[in-house]
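Biologist: Hi, could you open the model for me? I'd like to go through its charged side chains with you.

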Amino acid sequence: MRADLAVLPSAAALAEAAAGRFVAAAGDAIASRGQFIVALSGGSTPRDTYLWLATEALASSAMWSRVQVLWGDERCVPPHDVESNYRMARETLLGRVPVPAANVHRIHGEDDPATAAEVYEATMRALLRTPGARIDLVLLGLGDDGHTASLFPGSAAVHEQTSWVLAARAPAAPVWRITLTPAVINAAAEVLFLVSGGAKAGILRRVLEGPRRPQELPAQAIAPSNGRVRWCVDAAAAADLTP
């Protein structure tokens, strides 16, 4: 998993680099297939990336009419809730660029969790119904416990190979979540992990350099069969990695 690792000097540099990678991936996908399908992430590092993407220079570099927006996971809250990943993406990026409303496919976190997961899977399968279609880019973060998206340690969803979307619950957390599973994430063309801050140094080393134990470290379950994984981290997060 160390094969494609970029270490940036700061969180700001990381966000800028990730935004550049987004634009490049979009350009490649649109040139070859006519559209770009991306799954967004929540979190502070993606938030800064979205703010970069919304700047005039980068926003004008993407053909937003050809971008289809999905989410890797969502909390089961209304779309206006402060905890909503959709709300964060709308405020930092989607409300600032000319992406058509019909191209934004949010997870309905306000609905019953099982129903919301079922409906979102149907939405994704309809979007990817063309033979050979897949998500072009999945943005992911890394939790202090090794989780990614809403795939948590000990969850059966970590090993899911059939369903694309499941309802999940974080340990000791009251709010349900909806998450994409490895079944669809690992079919993506590219997965980009964004990790910043010294608090993530220890867990990043365990995920990248430790033994493979995806049930304990769900981020290790992300290994596209016919795609690539990129890790974009800042110097503080990389502090414990072997040089």
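**Charged side chains**

Modeller: Asp73 touches Asn85, Ile107, Ala149, Ser150, Arg177, Ile178 and Thr179, not counting residues up to four places away in sequence; contact means heavy atoms within 4.5 Å. This is a predicted model, where local features need pLDDT of at least 70, side-chain atom pairs count only at pLDDT 80 or more, and totals for chains, interfaces and linings use all residues. Residues are numbered from 1 along each chain as its sequence is written, and side-chain values use heavy atoms, leaving out hydrogens and water.

Biologist: Is Asp73 buried or exposed?

Modeller: Asp73 is buried yet has no salt bridge. Buried means under 20% relative accessible area, exposed over 50%, partly exposed in between (1.4 Å probe, protein chains only). A salt bridge needs a side-chain nitrogen of Lys or Arg within 4 Å of a carboxyl oxygen of Asp or Glu.

Biologist: Which side chain of opposite charge is nearest to Asp73?

Modeller: That is Arg177, 4.1 Å away. Lys and Arg count as positive and Asp and Glu as negative, with His and the chain ends not counted.

Biologist: New topic: how many salt bridges are there by this rule?

Modeller: The count comes to 11. One of them joins the side chains of Arg228 and Asp4, at 2.5 Å from N to O.

Biologist: What else does Asp4 pair with?

Modeller: Asp4 also meets Arg230 in a salt bridge, at 4.0 Å from N to O. Arg230 is buried at 18% relative accessible area, while Arg228 is partly exposed at 39%.

Biologist: Which residues are linked in a network?

Modeller: Salt bridges link Asp4, Arg21, Glu190, Arg228 and Arg230 in a network.
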